[in-house]
Amino acid sequence: MRVFTKDYLLPWLFTIVFWVVIWVLVPGKEKNLSLPNVVSIFLLLIIFLLVALYFVGRALERYGYSRRDVRRLPEIIEKTHGRLYLSKEIFDTITRALIFWGLFSSAVLLTENPLWGVLNAIAMFALIFSFFCPAHLDDNLGVGISSLPLQASHR
């Protein structure tokens with residue numbers, strides 16, 4: 001349990017604390033630390049962690065475990081730490097989810113309305129992924145999405 005706590009749990013908690021410190025300490029008049037925004041941010045954390053655990057379950061299946069073995073995650077990481085790529089894959093999956101949660105939540109904090117912030121964050125990620133992940137999109141769809149800002153700027 002010591003390896004899981006020291007090498008996995010503490011960095012994940014540090015990532016969450018890092019984002020909270022940025023939101024609290026960075027000065028700016030755009031910051032909206034209202035109760036609805038804070039509640040929506042922590043609801044988003046739960047959603048992002050559930051999605052990350054889904055992908056961790058898929059990774060466990062590739063290594064011969066079942067998806068229900070997510071409950072035994074600390075024990076599995078202790079057994080496979082340093083011997084299999086599984087522990088690194090699990091760490092990377094959850095860390096990426098926490099980083100995306102921080103970026104998504106930052107977009108929510110920049111607006112006064114949490115619903116509007118979530119919609120802005122979805123639009124922001126759609127735009128980013130349309131530019132940086134064109135191989136995953138259909139050619140016509142990728143060109144259509146990535147050319148939207150160019151078409152809007154000509155008007």
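**View 1. Helix α3 meets helix α4.** In this predicted model, Leu73, Ile76, Ile77 and Thr80 of α3 are in contact with Leu86, Ser87, Ile90 and Ile94 of α4. Contact here means heavy atoms within 4.5 Å, while helices (H or I, at least four residues) and strands (E, at least two) are DSSP runs, numbered from the N terminus. By class, this meeting of α3 with α4 involves 6 nonpolar, 2 polar and no charged residues. For these classes, Ala, Val, Leu, Ile, Met, Phe, Trp, Tyr, Cys and Pro count as nonpolar, Asp, Glu, Lys and Arg as charged, and the others, Gly among them, as polar. The axes of α3 and α4 come within 8 Å and cross at roughly 135°. Axes are lines fitted to C-alpha atoms, for helices over the stretch in contact, with angles from 0 to 180 degrees between N-to-C directions. The two helices, α3 and α4, are therefore oblique to each other; angles under 35 degrees count as roughly parallel, over 145 as roughly antiparallel, 65 to 115 as roughly perpendicular and the rest as oblique.

**View 2. The buried face of α3.** Which residues of α3 are buried? In this helix, which spans residues 73–80, they are Leu73, Ile76, Ile77 and Thr80. Buried means under 20% relative accessible area, exposed over 50%, and partly exposed in between (1.4 Å probe, protein chains only). Seen down the axis of α3, the buried residues fall within an arc of 100°, so they line one face of the helix; the arc is that of the directions from the helix axis to the C-beta atoms. The packing partners of the buried α3 residues are α1, α2 (35–62) and α4 (86–109). Just after α3, look for Gly82, which takes a positive phi of about 85°.

View 3. Val3 sits in helix α1, which covers residues 2–25, and is partly exposed at 25% relative accessible area. Leaving aside neighbours within four places in sequence, Val3 is in contact with Tyr8, Glu78 and His81. Val3 and Pro74 are 71 residues apart in sequence, with 8.7 Å between their C-alpha atoms.

View 4. Not counting residues up to four places away in sequence, Glu89 touches Ala59, Arg62 and Tyr63.

View 5. The structure holds 10 aromatic pairs. Rings of Phe, Tyr and Trp (its six-membered ring) pair if their centres lie within 6.5 Å; planes under 30 degrees apart count as stacked, over 60 as edge-to-face and the rest as tilted. Tyr8 is buried at 4% relative accessibility, and Phe91 is partly exposed at 22%. Tyr54 and Phe55 form an edge-to-face pair too, at 5.3 Å centre to centre and 75° between the planes. Phe18, Trp19, Trp23 and Trp101 form one aromatic cluster.

**Notes.** Residues are numbered from 1 along each chain as its sequence is written, and side-chain values use heavy atoms, leaving out hydrogens and water. As this is a predicted model, local features need pLDDT of at least 70 and side-chain atom pairs count only at pLDDT 80 or more, while totals for chains, interfaces and linings use all residues.
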